[in-house]
Amino acid sequence: MNSTISLNSIRDKVRRRERLNREEGLFLLAEAPLVQLGQLAGAERQRRYPGNVVTYIVDTNPNYTNICETDCLFCAFYRKEGDPDTYFYTIAQMVEKFKEHARWGATTVLLQGGNNPKIVGLDYHTGLVRAAREQVPEIWPHFFSASEIRTLARVSGKTVREVAQALWDAGQRTLPGGGAEILVDRVKKRISAKKGTTAEWLEVHREAHAVGFRSTATMMYGTVETDAEIVEHLDVIRALQDETGGFTAFIPWSFKPTNTWLEPKTHGVPGPNKYFRILALARLYLDNFDHIQASWFSEGKKTGQIALHFGADDFGGTILEENVLKSADFNNRTTIEEIRDIIRDAGFVPAQRTTLYEILRTYDEVPVQLM
């Protein structure tokens, strides 16, 4: 590590609005004192959002199929064609699920599924978007990951841009950032060799942004990556954001090994300190990202709450239904009221938002300052 790098030198660069480099990012992730790192990231969050507001969204994460050909070693959710517990829901069945979740208060449906090659063409996917828009207009369709878009392009004989345009024409406006894992090909070859390269994930988002979509950028850490590769992941999404400006937020979470092929090869998931470091690093390194999301769901409510003091300005969603982490025996649940209470108890003002981070309502009771 360069001996001239210190938290003070990085603090000075942040105050001058100068971009951090990879070596400085690695120092923050691996060596910087944790409390002071959190203070620096918290100060940057406060500079960007001086109102002390932390947003959340009322959302749900159902799946339309669990049949998948990609064989990711970290996934406990997918099933192979012919397995006894496979499913594939029709458009009508999914619409009924959307209506039920709308009655529960959901405003966004984050919909993903397996890479199921038997869903040939675009009719199912564009039909699902149109049905959601027409029959359940109160929910926002936040559908289909980059790997699903690539599978659609392959089986339909279309380009990624053509698939994105077809979904746009059907009424979709945002894409989730799932499937990124770690955007380094060495890691991808180890844990998800069939899922595509870093360049292919970036291509989907680049092409979607060109059509007009906004999307999120995610990261799943805690498998086989190094700290330097975590920083490399941040570097490549920062570069694409420079190019397109299409990302709304960065969302990291830790790997859940139970019931996965990787479970025997891991030594447990990284603890909260690693999560806090990644969030703080993201706030300081991703200078062109507006929003950094903390997660009560993937990391636990107390960890998620403390994470709000490490640079995050958003607390994610209520997640009324979720099946992927549940398959890994990780089942965390909350209510809308508890989400607001957690945010207040952390010393912030809760505000409900849309998928595009528009504020719907601020719950402006004066919070108790705990830190």
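Close-up 1. At 9% relative accessibility, Phe310 counts as buried, meaning under 20% relative accessible area with a 1.4 Å probe and protein chains only (over 50% would be exposed, in between partly exposed). Phe276 gets the buried label too, at 7%. The two rings form a stacked aromatic pair, 4.8 Å centre to centre with 10° between the planes. Here, Phe, Tyr and Trp rings (for Trp, the six-membered one) pair if their centres lie within 6.5 Å; planes under 30 degrees apart are stacked, over 60 edge-to-face, and the rest tilted. Phe276 lies in helix H11 and Phe310 in the loop between helix H13 (301–307) and S9, so the pair ties together parts 34 residues apart in sequence. Helices (H or I, at least four residues) and strands (E, at least two) are DSSP runs, numbered from the N terminus.

This is a predicted model: local features need pLDDT of at least 70 and side-chain atom pairs pLDDT 80 or more, while totals for chains, interfaces and linings use all residues. Residues are numbered from 1 along each chain as its sequence is written, and side-chain values use heavy atoms, leaving out hydrogens and water.

**Close-up 2. Tyr64 meets Phe144 edge-to-face.** The structure holds eight aromatic pairs. In this one, the ring centres of Tyr64 and Phe144 are 6.0 Å apart, with 85° between the planes. Tyr64 sits in the loop between S2 and helix H4 (91–103), and Phe144 in the loop between S4 and helix H6 (146–156), so the pair links parts 80 residues apart in sequence. Both residues are buried. They also belong to one aromatic cluster with Phe98, Tyr124 and Phe143.

**Close-up 3. Strand S3 and its parallel neighbours.** S3 (residues 108–111) is covered on both faces: Thr108 and Leu110 are buried on one side, Val109 and Leu111 on the other. Two bridges join S3 to S2 (residues 59–60), and these strands run parallel; strands pair if DSSP finds at least two bridges between them. Asp59 has Thr108 as its bridge partner. S3 also pairs with S4 (residues 140–143), again in the parallel sense, over four bridges, and Val109 partners Pro141 there.

**Close-up 4. Gly317 in strand S9.** Gly317 lies in S9 (residues 314–317) and counts as buried at 7% relative accessibility. Leaving aside residues up to four places away in sequence, Gly317 touches Ile57, Asp59, Trp296 and Ile339; contact means heavy atoms within 4.5 Å.
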